[in-house]
Number of protein chains: 2
Amino acid sequence: MIISYMSITYNDSLQPKVFGTVQRFIEPCILLLLSRGTSHGYGLLEDLEKHCGEKVDIGNLYRTLRKMETNGWVKSEWGVNKTGRDRRVYTITKSGLAFLERAAVSLTQTDSLIHRFFEGYKKTFQKGTSL
Amino acid sequence: MIISYMSITYNDSLQPKVFGTVQRFIEPCILLLLSRGTSHGYGLLEDLEKHCGEKVDIGNLYRTLRKMETNGWVKSEWGVNKTGRDRRVYTITKSGLAFLERAAVSLTQTDSLIHRFFEGYKKTFQKGTSL
DNA sequence: TTTAATATATGATTATTTCATATATGTCTA
DNA sequence: TAGACATATATGAAATAATCATATATTAAA
């Protein structure tokens with residue numbers, strides 16, 4: 001999932017490149033959405049972009065869903081779709097809910113780490129510095 | 001840098017494994033420390049663990065410093081050390097300060113993304129749910 | 001009929017992190 | 001003085017994660 005800051009990359013390209021994402025942040029996001037009701041890959045894509053305000057790599061999304069099923073956090077089955085092609089519909093499992101809970105706790109730590117950075121940053125740069 | 005949440009991994013191992021870190025978070029952290037004064041790799045290791053409260057992979061730290069030098073965010077030179085072996089001493093550059101600023105802005109976005117997740121999470125789970 | 005939207009998926013590559021290991025210097029202690 | 005330990009820098013190899021490109025199928029609309 002694309003979040004966070006822009007920068008030049010390490011490679012030769014002069015193109016600015018997005019980086020600084022929270023690794024595997026998409027997983028708790030998916031689980032949160034599925035905890036409200038079953039959904040399918042493409043539907044999750046739209047919800048993730050709406051709720052997170054960020055672009056999601058569609059290939060990554062489908063691959064992640066399969067991996068999450070391997071982990072036992074979700075289960076899927078083909079659902080008939082009258083208005084289009086059939087969809088693989090995902091449901092959250094008990095194990096998935098438990099992971100979501102752990103992820104939330106852990107993201108609190110991530111959050112406080114970022115805030116610790118901000119505190120230090122403000123302390124250093126807030127008062128009339130040249131930069 | 002080790003932060004964030006624990007989980008089982010995708011592979012066969014049953015060992016819990018740390019994941020969910022903010023990618024390349026160590027870079028703005030290093031730059032913040034260097035903006036306060038020059039330092040060397042091992043010294044930064046200690047400061048990062050003290051200020052961030054987290055373990056840092058030493059190999060990753062040294063490699064990152066070299067990459068940051070390639071990017072022009074820091075410059076280094078060998079400094080004589082009377083009490084031990086010589087150290088490679090790093091100084092932040094103007095370009096490094098500029099990147100630090102951009103990173104801070106970007107981390108604000110990361111932060112608000114995590115908070116948006118928390119809001120949704122609380123809305124779904126706060127009121128007397130079974131889980 | 002061809003374009004677009006919906007829908008799922010994988011191959012290949014790149015990026016990033018972690019784990020293991022190698023090297024060097026200085027201090028302390030048995 | 002030999003060995004252990006802390007300090008100090010660094011790279012090889014592997015694992016992990018994300019991105020980019022592409023393939024396929026279905027339906028609606030132009």
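**Aromatic pairs in chain B**

Start with B:Phe99: at 0% relative accessibility, this residue counts as buried. Keep in mind that this is a predicted model.

Now its partner. B:Trp73 is buried too, at 1% relative accessibility. Why do both count as buried? Because the cut-off is under 20% relative accessible area, and B:Phe99 has 0% while B:Trp73 has 1%.

Next, the wider picture. A pair of aromatic rings is described by the distance of the centres and the angle of the planes. Over all chains, the count comes to 10 aromatic pairs. One of them joins B:Trp73 and B:Phe99. Their centres are 4.0 Å apart, with 5° between the planes, and the pair is stacked. Where do the two residues sit in chain B? B:Trp73 is in the loop between helix H3 (58-70) and strand E4 (74-79). B:Phe99 is in helix H4, residues 94-125. They are 26 residues apart, and the pair links distant parts of the chain.

On to a second pair, B:Phe117 and B:Tyr121. Ring centres are 5.9 Å apart and the planes are at 20°. Planes under 30 degrees apart count as stacked, so this pair is stacked. Both residues are in helix H4 of chain B. They are 4 residues apart, which means about one helical turn between them.

Buried or exposed, B:Phe117? Buried, with a relative accessible area of 4%. B:Tyr121 is also buried, at 16%.

Last point, the cluster. B:Phe117 and B:Tyr121 belong to one aromatic cluster with A:Phe25, B:Phe118 and B:Phe125. Note the chain letters: A:Phe25 comes from chain A.

Methods:
Residues numbered from 1 in each chain as written. Chains lettered and ligands numbered in written order. Predicted model: local features only at pLDDT ≥ 70, side-chain atom pairs only at ≥ 80, totals over all residues. Heavy atoms only, no water. Phe/Tyr/Trp six-rings, centres within 6.5 Å; stacked < 30°, edge-to-face > 60°. Buried < 20%, exposed > 50% of the residue type's maximum accessible area, 1.4 Å probe, protein only.
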